[in-house]
Each structure stands twice: as C-alpha cells, then as structure tokens.
Amino acid sequence: MAYPDHEHRPRLITGLRALADFLESRPAVTAPRDVAATVFVPRGTDADMRAEVERLAGLIGSTIDPEGIAYGHHRTAVRFGPVEYGAVAILAGARARHEALMSYSGAVVPDLHEGA
C-alpha cells in the first residue's frame, strides 16, 4: 500500500474544511466526539516502517507512543483539541498475530436460538 497521490492532499484538506463549515452552519446536527485522521505508513520492513513513523513524528513535533509498541504498533500523533493527526506502522509480528487469529474465522459457528 502506498500513500495517496499528491492530488489527493488538496481534496482531503478541502473536504476537512467543508466538514467544519457544514457542522458550523448546522448547529442542530450532532457533531462527533472526536475525529482521527490516521496515516498508515506503506508496508515494508519493520525498520523501514519505524523510520517512516519517526520521520513523521519529527515533522509534526511529536514522539513515539510507548503504549502502542507493546501491541506491535509504532505510532505517533498530534492533537488539535478533539482532532488528531496520527501515523502508524503495524509491524510484522502484529500482522502475523492478526492473520493467525483471522484464520479461525468461520471455523466455530455458534448455535443461536431464537430469543438468545
């Protein structure tokens, strides 16, 4: 998976501004509690993916989230009130654990009874 092309960036920014204008002009419309814009770095070696998250952390003036490391995620983020911009790399071990878990999908089907 690669990053979106350069033409996507201005469309994203326009869409975010349009959302803000939309919510501001319609106070009766329920707004979300928070908004997260997450960049998933392109898949590569764990070292390359970590380096990319660390590069982005430097650009946004953030640090690596130590809690994510325990789950196999190399993550950084910056918050603007309830809005977050973040970048994450899902490392090989976490992807392998997820794929192993999903390999059981459909193997066990509960016997659901009406009203259960």
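The model is predicted: local features need pLDDT of at least 70, side-chain atom pairs count only at pLDDT 80 or more, and totals for chains, interfaces and linings use all residues. Residues are numbered from 1 along each chain as its sequence is written, and side-chain values use heavy atoms, with hydrogens and water left out.

Arg-55 forms a salt bridge with Glu-52, and the closest N and O atoms of the pair are 2.9 Å apart. A salt bridge is here a side-chain nitrogen of Lys or Arg within 4 Å of a carboxyl oxygen of Asp or Glu. Glu-52 and Arg-55 are 3 residues apart in helix 2, so about one helical turn separates them. Glu-52 belongs to helix 2, which covers residues 46-60. With a relative accessible area of 17%, Glu-52 is buried. Once neighbours within four places in sequence are set aside, Glu-52 is in contact with Tyr-3 and Val-41, where contact means heavy atoms within 4.5 Å.

By the stated rule, the count comes to 3 salt bridges. Side chains of opposite charge can pair when their charged atoms come close. Arg-75 and Glu-84 form one of these bridges, with 2.5 Å between the closest N and O atoms. Arg-75 is partly exposed, at 22% relative accessibility.

Arg-79 also meets Glu-84 in a salt bridge, at 3.2 Å from N to O. Arg-79 counts as partly exposed because its relative accessibility is 47%. Glu-84 has a relative accessible area of 12% and is therefore buried. Through shared partners, the salt bridges join Arg-75, Arg-79 and Glu-84 into one network.

## The N-terminal segment

Ala-2 lies in the segment before helix 1, the helix of residues 8-25. The relative accessible area of Ala-2 is 61%, so this residue is exposed. Ala-2 and Arg-43 are 41 residues apart along the chain, yet 7.9 Å separates their C-alpha atoms.

## Overall architecture

The chain contains 4 helices and 3 strands, in the order α-β-α-α-β-β-α from the N terminus on. Helices (H or I, at least four residues) and strands (E, at least two) are DSSP runs, numbered from the N terminus. Among contacts between residues at least 6 apart in sequence, 47% join residues at least 24 apart.

The radius of gyration of the chain is 19 Å, whereas a compact globule of 116 residues would have a value near 13 Å. This radius is taken over C-alpha atoms, and the globule rule is 2.2 Å times the number of residues to the power 0.38. Along the principal axes, the C-alpha atoms fill a box of roughly 50 × 45 × 30 Å.

## Surface and charge

Of the 116 residues in the chain, 16% are buried. The chain exposes about 9,000 Å², and carbon and sulfur atoms supply 60% of this area. Accessible areas come from the Shrake-Rupley method with a 1.4 Å probe; for residues, only the protein chains shown count as cover.

The chain carries 12 positive and 15 negative charges, whose mean positions are 4 Å apart. Lys and Arg count as positive and Asp and Glu as negative, while His and the chain ends are not counted. The place of a charge is taken as NZ of Lys, CZ of Arg, CG of Asp or CD of Glu.

Key. Buried means under 20% relative accessible area, exposed over 50%, partly exposed in between (1.4 Å probe, protein chains only).
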